[in-house]
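This report describes selected helices and strands of one structure. The sequence and the model are shown first, and the description follows.

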Amino acid sequence: MKNVKIKFLTIFSLVLLFLSACSGADETSTASKEKGKESNGAGFRDTIVVGISNAVGALNPINAKDVGAMNIASILFDPFFEVDENTEFQFKLAESFETTDNQAFTMKINSKANWTDGKPITTEDVKFTFDTLANPAVQSTGLQTLNVIEGLDDKGHLAKGEKSVKGIEIVDDKTFIIHTKQPVDPNFLKANLSNSVSNIRTLPSHILKDKDPATLHQDPAMLKPTVSSGAYTLVDLKGETQVELKANPGYYRGAPKTEKLFFKVIPQANITAQLQTGEIDMNDPSIGAIAIQDIEKVKNMANVDIVDGKGYDYQEIYLNIKTLNDPKVRQAIAYAINRPQIVEKLLKGKAEIIDGPYTKLHPYFNKDIKNYDYDPKKAKKLIEESGWDKSKPIRINVPIGNQVREQASVIIAENLKAVGFNVQIQKFDFPTHMQKAGKHDFDIMFLGIPYQVDPDVSSYYSTNAVFNFSDYSNPEIDKLLSQGQLEPSPEKRKEIYNKVQEILHEDLPTLSLYSDYKLGAVSKKVKVGTPKQFGMFYNVQDWVIEK
Amino acid sequence: MVPYIIRRLFIAIPVLLGVTVVNFIIINMAPGNPVEMFVDPNTSQELINLRKEQLGLNDPLWVQFFHWLGNLFQGNLGYSFSTYEPVTKIILERVGPTFQLTILALIVGLLIAVPIGIISAVKQYSKLDYFATGTSFLGISIPHFFMGLGLIYIFAVQLQWLPAGGIATLGREDDFFDKVRHLILPVLVLATGIAGQYVRYVRASLLEVLGQDYLRTARAKGLKEIVITNKHALKNALIPIITIIGLEIPFLLGGAVITEQVFQWPGMGQLTIQSIMSRDYPTLMALNLLTAFMVLFANLFTDILYSFVDPRIKYK
């Protein structure tokens with residue numbers, strides 16, 4: 001009897017031992033914990049916590065895949081430019097950008113810019129970065145959008161036998177020239193060298209040059225970079241829960257005033273609660289906007305200021321050209337949808353209605369196009385004229401995850417039923433949704449479209465383009481879009497894209513629904529630092545928070 | 001005993017292999033794939049194909065499987081498709097927090113359930129018994145997410161006594177009391193469900209034993225009722241409970257998914273959801289393998305425990 005008891009006790013204590021071992025393994029390193037508190041003198045805290053609601057993937061400076069990872073990668077590795085809230089380009093790693101012929105662009109790297117190990121950032125690093133991006137063996141987003149650079153093929157890869165990109169010419173340690181095959185709009189180049197558009201962030205060649213390109217993305221120097229260039233350096237990345245950053249005291253645009261910066265991943269529903277309890281100090285609207293239904297609650301919080309957003313991104317529906325082949329049917333759909341109701345009731349007025357691929361603040365937005373109004377009578381008439389078989393089912397594909405969008409899809413389905421369409425909503429998780437999109441296996445499908453600084457929309461509307469889920473093919477659009485890409489003069493480009501918008505408005509391969517404003521909220525203790533969808537982290541080194 | 005364990009371990013190998021084959025097929029049958037998910041509008045079809053080629057996704061399924069299996073035998077679980085980190089490292093980081101949470105919850109749940117179950121059985125059909133069985137029913141049926149959000153609202157938002165989630169306050173990761181504060185709510189949520197279940201098991205099992213002849217003999221010998229229940233009856237009543245606990249452990253490992261999600265607990269549950277959503281095949285395969293392994297291991301462990309509790313059981 002006693003024997004059994006002892007055995008039991010042993011097992012029990014073993015379990016306890018095991019448990020305590022687990023708790024030990026979990027303690028993450030928090031080095032400068034004691035010191036940091038005093039670093040700003042009295043009155044300021046050493047930590048700012050930003051709440052986001054999407055998990056963060058790999059912070060690979062040339063292959064960040066999700067918005068969160070792209071934002072944070074741009075804090076670790078400075079891009080040449082950063083887009084601010086007015087969608088203008090601000091210099092970051094670059095300090096000048098000049099051209100006389102729109103074909104040779106002379107750029108200078110910030111003269112004070114250096115890596116965290118003290119070595120200066122030079123044109124050697126820039127050249128290495130472009131060569132790496134153009135190497136097909138490397139896992140990166142590549143240079144396809146910049147295939148206009150001399151020495152690259154259509155896919156943005158190095159031509160066979162070449163070792164380095166011909167179009168990147170080194171002048172001296174800090175000056176280089178980008179040569180393009182033909183003249184291009186300088187803003188096109190700037191857009192592709194800035195944070196939110198591309199994954200072109202200068203890499204430290206002295207650390208990475210001897211690594212194998214094929215496994216570069218798995219190398220610790222890329223996963224947990226110890227040598228970087230930005231205001232903060234990476235301490236710890238736990239993609240589903242938090243990212244910890246620490247100040248880079250030698251940062252060339254000024255040493256950060258707050259020692260530590262945290263990104264905390266929490267469900268959108270908890271963002272409001274954690275702002276209230278002070279567990280987070282602000283949100284990042286691009287990946288953790290305040291939920292629309294929480295606006296009133298946040299407005300009433302004494303410790304938090306609300307920051308309105310602007311219409312950058314938008315939600316749209318793709319209309320399958322092959323199954324909804326009559327433009328009249330597609331126009332009937334546009335007239336049948338009660339978008340004012342969606343914006344007023346569902347989005348509490350925090351959105352704008354647009355039809356085409358540009359929101360109102362986009363420089364290429366065509367003001368002369370009149371939106372499709374909510375007009376069910378006209379919709380019914382158009383259906384009659386087209387001879388559409390009303391019993392034919394229309395499948396509406398909706399990805400799960402965005403609650404407002406899911407609710408909007410229900411309203412839209414009701415609207416379409418009201419004018420006589422036979423619709424059925426099908427909801428899918430995102431990978432499944434995208435697979436069906438790629439196979440054109442839907443009649444109507446929902447997708448959120450991110451803001452693009454450059455007006456080029458060929459990937460959405462050119463024949464067989466990757467995001468042309470509608471399977472739309474119009475030779476005139478194809479011609480205009482390739483003209484637009486090649487046109488260096490902004491005025492002439494504007495004319496081209498005005499025309500593109502007119503045609504798309506008639507053909508309706510897609511209908512934009514609304515552009516919802518991403519709301520931010522920030523603790524009143526934060527003295528410098530504002531949640532913004534664009535340019536939020538441009539001045540991250542100046543952020544301060546009171547105790 | 002030892003030959004028995006070795007034999008069991010050898011039987012486990014083909015079972016594990018079968019499980020991995022089935023898992024591999026199911027995972028790959030799910031629509032979508034890790035490359036197309038993250039495609040941005042400016043990527044060409046050629047580039048997508050190139051990426052697929054680099055990840056080996058263009059190979060026939062059986063080639064992919066044997067490739068994976070070959071790596072597994074070399075102790076290599078591969079690299080995550082979404083973070084590029086070695087899968088082993090990712091999982092090792094998550095095992096600790098999950099075990100902390102679930103095993104603590106199991107212990108707390110049992111500490112509540114066993115005494116209540118005993119009282120409930122001894123005082124069968126009393127008001128106390130009805131109350132205990134009624135409450136346990138509530139404990140079983142209350143959804144974890146609902147209870148979790150409710151507790152967050154009361155204790156974190158309204159009273160502000162406890163944190164709303166996470167494993168530690170940022171920057172205070174080695175503070176023991178801070179950790180305990182973070183554990184209270186999620187452990188409470190999980191333990192409620194466990195306690196509710198086990199109250200019923202303990203009660204039923206004890207009731208059965210209490211009716212046995214040898215207990216009547218014990219009473220006839222003039223033993224005190226408390227000695228009879230706690231020493232003679234309980235020990236026998238616990239045997240089936242051990243089986244259930246053994247079977248429960250693997251599910252505790254992966255089954256805290258919802259609780260982990262609500263409390264942003266950086267454990268295996270969160271990892272599982274994230275890797276399903278991003279179709280991170282290597283991580284998913286490793287998680288499945290681990291769960292399968294845990295099921296087999298827990299079964300074996302339970303069988304061995306039997307021989308300790310019940311000397312009549314002998315393994316050859």
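## Helix H13 of chain B

Helix H13 (residues 281-309) of chain B comprises 29 residues and reaches 42 Å from its first C-alpha to its last, close to the expected 42 Å; the expected span is 1.5 Å times one less than the number of residues. Helices (H or I, at least four residues) and strands (E, at least two) are DSSP runs, numbered from the N terminus.

The buried residues of H13(B) include Tyr281(B), Pro282(B), Thr283(B), Ala292(B) and Val295(B). A residue is buried if 20 or more other C-beta atoms lie within 10 Å of its own, exposed if 12 or fewer, and partly exposed in between, with C-beta atoms placed from the backbone.

## Basis of the model

This is a predicted model, in which local features need pLDDT of at least 70 and side-chain atom pairs count only at pLDDT 80 or more, while totals for chains, interfaces and linings use all residues. Residues are numbered from 1 along each chain as its sequence is written, and chains are lettered from A and ligands numbered from 1 in the order in which they are written.

## Ala12 of chain B

Ala12(B) lies in helix H1 (residues 2-29) of chain B. Ala12(B) is partly exposed because 17 other C-beta atoms lie within 10 Å. Between the C-alpha atoms of Ala12(B) and Leu159(B), 147 residues apart along the chain, the separation is 50 Å.

## Strand E13 of chain A

In strand E13 (residues 314-319) of chain A, 6 of the 6 residues are buried, so the strand is largely enclosed by the rest of the structure. Tyr314(A), Glu316(A) and Tyr318(A) cover one side, and Gln315(A), Ile317(A) and Leu319(A) the other.

E13(A) runs antiparallel to strand E17 (residues 444-449) of chain A, joined by 6 bridges; strands pair if DSSP finds at least two bridges between them. Ile317(A) has Phe446(A) as its bridge partner in E17(A). Another 4 bridges join E13(A) to the antiparallel strand E18 (residues 510-516) of chain A, where Glu316(A) stands opposite Ser512(A).
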